[in-house]
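Subject: Structure for your review

Dear colleague,

Please find below the structure for your review. The findings follow it.

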Amino acid sequence: MQNATVSVSATISSEGELAARFTALRASGRRALVPYVTAGHPDPERSVALLQALEGAGADIIEVGIPFSDPMADGPIIQASSQQALSHGIDFTRTLDIVRRARLDIPVVLFSYLNPLIAAGPDALQRAHEAGVHGALVTDLPVGADPERERWFGESPLAFVRLVAPTTPAARMAEIATHGSGFVYLISRLGVTGVRDDLPPELEQTVSRLRGATALPICVGFGISRPEQARAVAKIADGVVVGSAVVRAAGESVERAATLVRTLRDAIDDSGAS
């Protein structure tokens, strides 16, 4: 199939927010902490409070997942949170309402499957931008799969964050990064999201390979749940994404999730990265 994907042309107002965040972190020798939450979990009201609490606990960017009925890339913790949010009637529009109400001063990236965004209509990405979203990450839209749809993202007001797998060849890494912006999300291991006991032994080599393919900041996620893991990733990457552990803590209480994020923040800042 001929790859007719266009290069990203996200506007300064959104892509610039992410770039500015990473530039400021780099200047201070720090790494980004990027927690993931599911919009509307554990319920709509506490979802707003959760976003605010995570910002206060030291998050640099927050990924907000749009609930989806068939989240194939997610493990049981995030799947359960998505079902709980759906039971509260959370959809794309209500996700944006939660982001708008939270009034965060840090960048927000929508984490979604393609279907909810298509179903929201041709103005979905513009509406997200107006609600205070700065980027979009789509789990099931690989480079070259749907050039017209990729152009929709690339020409939107949002940065288009791309996923890279650990098995991706170097040439493909470069192609993916060329058609993305904001940062690159490196999946630390194959499989679904979830809490893991250890990091893949080849992770440092994978990050190094990706650095040779792109100048974009690299954030690593999937399986990172404990402070010592976050500290280790911060030594080699520009950002650390923590999802299932934060969602699990949020299911207990907003305070528990904030405490976890503060602990992760301290560990990342103690990594000695520069």
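The residues that line the second largest cavity comprise 8 nonpolar, 3 polar and 1 charged. In this classification Ala, Val, Leu, Ile, Met, Phe, Trp, Tyr, Cys and Pro are nonpolar, Asp, Glu, Lys and Arg are charged, and the others, Gly among them, are polar.

This is a predicted model, in which local features need pLDDT of at least 70 and side-chain atom pairs count only at pLDDT 80 or more, while totals for chains, interfaces and linings use all residues. Residues are numbered from 1 along each chain as its sequence is written, and side-chain values use heavy atoms, with hydrogens and water left out.

Cavities

A cavity is a set of points, on a 1 Å grid over the protein atoms alone, where a 1.4 Å probe fits but cannot get out; its lining residues have an atom within 4 Å of a point. Grid points are joined across faces, edges and corners, and a volume is the space filled by probe spheres set on the points. The count comes to 3 cavities of 30 Å³ or more. The second largest cavity has a volume of about 70 Å³. Its lining holds 12 residues, and Tyr 36, Ile 66, Asp 74, Ser 82 and Tyr 113 lie nearest its centre. Strand S1 (32-38) and helix H3 (76-87) are the elements that give two or more residues to this lining. Helices (H or I, at least four residues) and strands (E, at least two) are DSSP runs, numbered from the N terminus.

Barrel

A closed barrel of 8 strands runs S1-S2-S3-S4-S5-S6-S7-S8, with parallel pairing; two strands pair if DSSP finds at least two bridges between them. From one strand to the next, the twist averages 25 degrees. Strand S7 (residues 218-221) pairs with strand S8 (residues 239-242) in the parallel sense over 2 bridges, and Cys 219 has Gly 239 in S8 as its bridge partner.

Helix packing

Axes are lines fitted to C-alpha atoms, for helices over the stretch in contact, and angles run from 0 to 180 degrees between N-to-C directions. Helix H11 (residues 244-252) packs with H12 at an angle of about 145 degrees, with their axes 5 Å apart. Ala 245, Val 246, Ala 249, Ala 250 and Glu 252 of H11 make this contact (heavy atoms within 4.5 Å) with Val 254, Arg 256, Ala 257, Leu 260 and Val 261 of H12. By class, the contact has 8 nonpolar, no polar and 2 charged residues.

Yours sincerely

Methods. On a 1 Å grid over the protein atoms alone, a cavity is a set of points where a 1.4 Å probe fits but cannot get out, and a pocket is an open set with protein on both sides within 12 Å along at least five of seven lines; lining residues have an atom within 4 Å of a point.
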